[in-house]
Amino acid sequence: MSNCVLCKDTLRPEEGELIWRGDDCRVILIHDPDLPGFCRVIWNRHVREMSELTYGEREHLMNLVFAVEQAIDQTMEPLKINLASLGNQVPHLHWHVIPRYEDDAFFPSTAWSARVRETSPAIIAERKRLAAELPKAIRAAIAALA
C-alpha cells in the first residue's frame, strides 16, 4: 500500500530507532518525549488485522511482542506495561508496547489521552537513560526465542 506510513521501511531519526528487523517483523524504539521506552512491533507486510495472519505468524508476532514487553519490564521497571494494537489511524498491523508509570503525563489513562500532569525533567532524563539500554535488551530477548 503506497500511502501507508508503516509500509515504508525508513524512519526519520526524530521518529525512532530501528532496534531489530526480521523477515516478517521489525521493532522500533519510538522517540516519545513523554514516554521513554515506548516501542512498536510492526508486521513488515501490509495486513490490517491479526486474523489475516496464519496461526504460526500470529504466534511469531506475539512472541516478539512478549519479548519486547519482558525487556522493557526488566530494563525500565515500570508500574505497568500497556500492549495495544489499534490501527484506527494506521490500518497496518502493529503493536504498541508502552512502559507506564504513576507519574507519567497521561496515567492512569491511555498514552493517547489528554495530558494530566508534567513529569519532572529529572525523571524523564532517567527514563531516557534506561531506554537507551533497551536496544541491547530487546535484541537479547529476541535472540533467546530461537
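**Helix α1 and a few residues**

Analyst: Let's start with the buried residues of α1: Glu-57, Leu-61, Met-62, Leu-64, Val-65, Ala-67, Val-68, Ala-71, Ile-72, Thr-75 and Met-76. Keep in mind that this is a predicted model.

User: How far apart are the end C-alpha atoms of α1, and what span should its residues give?
Analyst: They are 31 Å apart. Helix α1 covers residues 55–76, so at 1.5 Å a residue its 22 residues should span 32 Å, and the two values agree.

User: What happens just after α1?
Analyst: Glu-77 comes there, with a positive phi of about 50°.

User: Switching topic: where is His-96, and is it buried or exposed?
Analyst: His-96 is in strand β5. It counts as buried because its relative accessible area is 6%, and the cut-off for buried is under 20%.

User: What does His-96 touch?
Analyst: Beyond its neighbours within four places in sequence, His-96 contacts Phe-38, Cys-39, Arg-40, Asn-82, Leu-83, Ala-84 and Trp-112. Its side chain also has a polar contact of 3.2 Å with the side chain of His-94.

User: Which side chain does Thr-110 make a polar contact with?
Analyst: That of Ser-113, side chain to side chain, at 2.9 Å.

Key: Residues are numbered from 1 along each chain as its sequence is written. This is a predicted model: local features need pLDDT of at least 70, side-chain atom pairs count only at pLDDT 80 or more; totals for chains, interfaces and linings use all residues. Side-chain values use heavy atoms; hydrogens and water are left out. Helices (H or I, at least four residues) and strands (E, at least two) are DSSP runs, numbered from the N terminus. The expected span of a helix is 1.5 Å times one less than its number of residues. Buried means under 20% relative accessible area, exposed over 50%, partly exposed in between (1.4 Å probe, protein chains only). A polar contact is a pair of N or O atoms within 3.5 Å; within protein, one must be able to donate a hydrogen and the other to accept it, and residues adjacent in sequence count only if both atoms are side-chain atoms. Contact means heavy atoms within 4.5 Å.
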